[in-house]
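Subject: Handing over the structure

Hi there,

Here is the structure I promised to pass on to you. Have a look at it first, and then read my notes below.

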Amino acid sequence: MREKILQAAIEIMRNEGIEKLSIRKLAEKIEYSPANVYHYFRDKEDILDHIISDRYQQFIDALSAPDCHGNDPVEYLLNNLRRFITLALTMEEDYKTLMLGESPAVLARTSVLQRGAASDRRAIGMMRDILRVILKDRAGYDDSQLELTAQIIWASMFGLVMRINTEQIDKEQQERLIRHFLEFIAAAVGTL
């Protein structure tokens, strides 16, 4: 039943948006009473938290490839970014819905631009740590600058994914854009 509720919630979010999700609407969709939904979840935010936790873990897994010791850390970063982009593109509407949601449950995982985000958000923290390895011999790069760099890379990647999903461009152009984005990031971190 729990999975049925979560799947129905995802469907409502896809079709109508997060703001239209309610316990009553969810109960109607699965043809049970709201009390049955409350038996499994405290409230709408609890449902959103479960959905977002699952999706967020998929992104963390995409950024958590095998350790880069002995490998080129720039290649490691680029491979992880490509995996993240590929996953986000396969999620299409789910990605858009979740990443643009303003619900506290959504923002608790997707807000990545505030100061200290690398400590609170695993994705930004992991990217900062990779950048630390890449830029370890460069003067003037403390954790604050590394976090800002990770945030800018993430925001650029987010924008690229959102535009590709929104514009529904062909696969060849998608690949050209992704490849150029990754080449640009490689050049940028190489010159920092």
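Is Thr 110 buried or exposed? Thr 110 is buried, because its relative accessible area is 11%; buried means under 20% relative accessible area, exposed over 50%, and partly exposed in between, with a 1.4 Å probe and protein chains only.

Before we go on, two notes on how to read all this. This is a predicted model, in which local features need pLDDT of at least 70 and side-chain atom pairs count only at pLDDT 80 or more, while totals for chains, interfaces and linings use all residues. Residues are numbered from 1 along each chain as its sequence is written, and side-chain values use heavy atoms, with hydrogens and water left out.

Back to Thr 110: you will find this residue in helix α7 (residues 104–110). Helices here are DSSP runs of H or I with at least four residues, numbered from the N terminus. Leaving aside residues up to four places away in sequence, Thr 110 touches Leu 98, Met 99 and Arg 121, where contact means heavy atoms within 4.5 Å.

Next, Asp 46, which sits in helix α4 (residues 44–63). Asp 46 counts as buried because its relative accessibility is 7%. Tyr 40 and Phe 41 are the residues Asp 46 touches, again not counting those up to four places away in sequence. Asp 46 and Ala 105 are 59 residues apart in sequence, yet 7.7 Å apart in space from C-alpha to C-alpha.

After α2 comes Glu 31, with a positive phi near 60°.

Finally, look at helix α5 (residues 73–91) and helix α11 (residues 171–191), whose axes come within 10 Å and cross at roughly 150°. This crossing makes α5 roughly antiparallel to α11, a label for angles over 145 degrees. Angles run from 0 to 180 degrees between N-to-C directions, and the axes are lines fitted to C-alpha atoms over the stretch in contact. Residues making the contact include Leu 77 and Leu 81 of α5 and Ile 178 and Leu 182 of α11.

Enjoy exploring!

Definitions and conventions: Helices (H or I, at least four residues) and strands (E, at least two) are DSSP runs, numbered from the N terminus. Angles under 35 degrees count as roughly parallel, over 145 as roughly antiparallel, 65 to 115 as roughly perpendicular and the rest as oblique.
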